[in-house]
Amino acid sequence: MKRELVIVMDFGGQYNQLIARRVRECNVYCEIYSYKIDIEKIKAMNPKGIILTGGPNSCYLEDSPTYSKELFELGIPVLGLCYGAQLMQHVLGGKVERANVREYGKSHLTVDNNSVLFSNVKKESICWMSHFDYISKTAPGFEVVATTPDCPVAACENTEKNLYAIQFHPEVLHTEEGTKMLSNFVLNVCQCSQDWKMDSFVEEQIKAIREKVKDGKVLLALSGGVDSSVAAVLLSKAIGNQLTCVFVDHGLLRKNEGDEVEEVFGPNGNYELNFIRVNAQDRYYAKLKGVTEPEQKRKIIGEEFIRVFEEEAKKIGAVDFLVQGTIYPDVVESGLGGESAVIKSHHNVGGLPDYVDFKEIIEPLRDLFKDEVRKVGLELGLPDYLVFRQPFPGPGLGIRIIGEVTAEKVKIVQDADAIYREEIAKAGLDKTIGQYFAALTNMRSVGVMGDERTYDYAIALRAVNTVDFMTAEAAQIPYDVLNKVMSRIINEVRGVNRVMYDITSKPPGTIEFE
Ligand code: XMP
């Protein structure tokens, strides 16, 4: 099916994925491309609209990212944001200059409600600004439709040509009316028909998978995380037991997690597929014996995963397809989509393709953002606890235990973590905190319990709020909740006599505690 498309042209700003997500929240499909994209490619895609992102440069300097004037003459609506707004004005004959001071943070915005961008938007509201340069003179044919005390052109438009420029960032939540503005652009200016819906995505994917796989054999490495679980269900619905899922229990999962995965996907579960659980706990513990250096632990766990999977794959024999749970941010971040690429090597299944005898890779979730993967999961009837699972690193508890990993330490951190998660959920905080877990420090100290001296471990509790997992702040958990968790962990988990709350932000810390 041909779907309507809005494209985001990435000029190196930090919020570019957010822009695409906001557009998709309007049920309009959106993809991110580098600003280096060829105009012929844009014409061939025939998008309903184009959004130019922010970026760190000054558009009037020689080497800054730019685009030819032709972009604004295609007859396709264009919305420039921040750098994108300045660039549009610069290229079309307006003036952009350096301001005396950088405007950063919340500003008071006043809009002209006659502009279609601002229809149904409050006349006065707060917007989020982050810029040094400003538009001092609009290009011919443009009219100013919003201002702030420090910014004479907070937004301008040329309605005849369907060109719009916004100096602030409507995509970030600090801009109170931002979502409405973006929705006004895609729905009222671009006139998109909102044909991006998860139920039709599921139907189309099932059909496409059937057509591709025919009677072939398909192999999937199931981790129990959101992406691989949703991929497994989608494939199971499409091709039933032509699909084999291999689930490696490395003994570094959260409490009961292995059994939970088996309950859903195993022989007594809800789906038609071949499920193979490999209980490799002892193998992993043996390999990790005496190893204390975190990077080395990661390496061993990753390599062992490949070995175990390779052995299983050999038993199964040649397959036609290997499934990978790649999602859209992976595509963008590995440099294939946008410009502001953060190169991440893709951990969990990294390296697998070399070790499996297969003909082709299938990536059914490649076009989806995480929240869309979750919607697909719900659409497919996966239980909430799987769909709303927190991120969990591939090396698992192996990197939440400081120092040597042993079966005893795994049990301690599993039990403490389960109590912590239970209490957070009871306090109703589970949907608001980005990520939270318990880690086992390698520190033992003296305590007293029932008149006896103890010499036990300290558990560290971690909880962070984050938008993109690149930066994070410690969550402010109410003291009584922390107190309850402390008291339960010390009473119920043997080997622990202290509980600490980690208040470090990222940077300088990381989210994981390894
Ligand atoms: P850090 O600790 O780097 O974590 O601040 C950022 C986010 O990434 C997750 N993380 C991983 N996820 N494999 C993964 O799939 C890994 O090896 C890995 N290491 C960290 C972490 O849980 C957090 O959400």
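Which strand is joined to strand S10 (residues 218-222) by bridges, and how do the two run? The partner is strand S13 (residues 321-323), which runs parallel to S10 and is joined to it by 3 bridges. Helices and strands are DSSP runs numbered from the N terminus, with at least four residues (H or I) for a helix and at least two (E) for a strand. The model is a predicted one, in which local features need pLDDT of at least 70 and side-chain atom pairs count only at pLDDT 80 or more, while totals for chains, interfaces and linings use all residues. Residues are numbered from 1 along each chain as its sequence is written, and side-chain values use heavy atoms, with hydrogens and water left out.

Within this pairing, Leu-219 stands opposite Leu-322 of S13. S10 and S13 belong to an open sheet of 5 strands, ordered S12-S11-S10-S13-S14, with parallel pairing; two strands count as paired if DSSP finds at least two bridges between them. Strand S12 (274-279) and S14 form the edges, each pairing on one side only. On average, neighbouring strands of the sheet are turned by 25° against each other, direction ignored. Helix H5 packs on the sheet and touches S10, S13 and S14, its direction making about 170° with that of S14. Contact here means heavy atoms within 4.5 Å, and angles run from 0 to 180 degrees between N-to-C directions, the axes being lines fitted to C-alpha atoms, for helices over the stretch in contact.

A salt bridge is a side-chain nitrogen of Lys or Arg within 4 Å of a carboxyl oxygen of Asp or Glu, and the whole structure holds 36 of them. Lys-212 is partly exposed at 39% relative accessibility, and Glu-360 is partly exposed at 35%; the classes are buried under 20% relative accessible area, exposed over 50%, and partly exposed in between (1.4 Å probe, protein chains only).

Another salt bridge joins Lys-299 to Glu-303 (3.9 Å, N to O). These two residues both lie in helix H9 (residues 294-316), 4 residues apart, which is about one turn of the helix. Lys-299 is exposed, with a relative accessible area of 55%, whereas Glu-303 is partly exposed at 40%.

Arg-400 forms a salt bridge with Glu-512, their closest N and O atoms being 2.7 Å apart. Arg-400 sits in the loop between helix H12 (384-387) and helix H13 (407-426), and Glu-512 in the segment after strand S18 (496-501), so the pair ties together parts that are 112 residues apart in sequence. Both Arg-400 and Glu-512 are buried.

Glu-512 leads on to the ligand. Of the 13 residues around the ligand, Arg-298, Gln-435, Lys-506, Ile-511 and Glu-512 come nearest, a residue being near if one of its heavy atoms lies within 4 Å. A nitrogen atom of the ligand is 3.2 Å from a polar backbone atom of Gly-394.

Technical notes:
A polar contact is a pair of N or O atoms within 3.5 Å; within protein, one must be able to donate a hydrogen and the other to accept it, and residues adjacent in sequence count only if both atoms are side-chain atoms.
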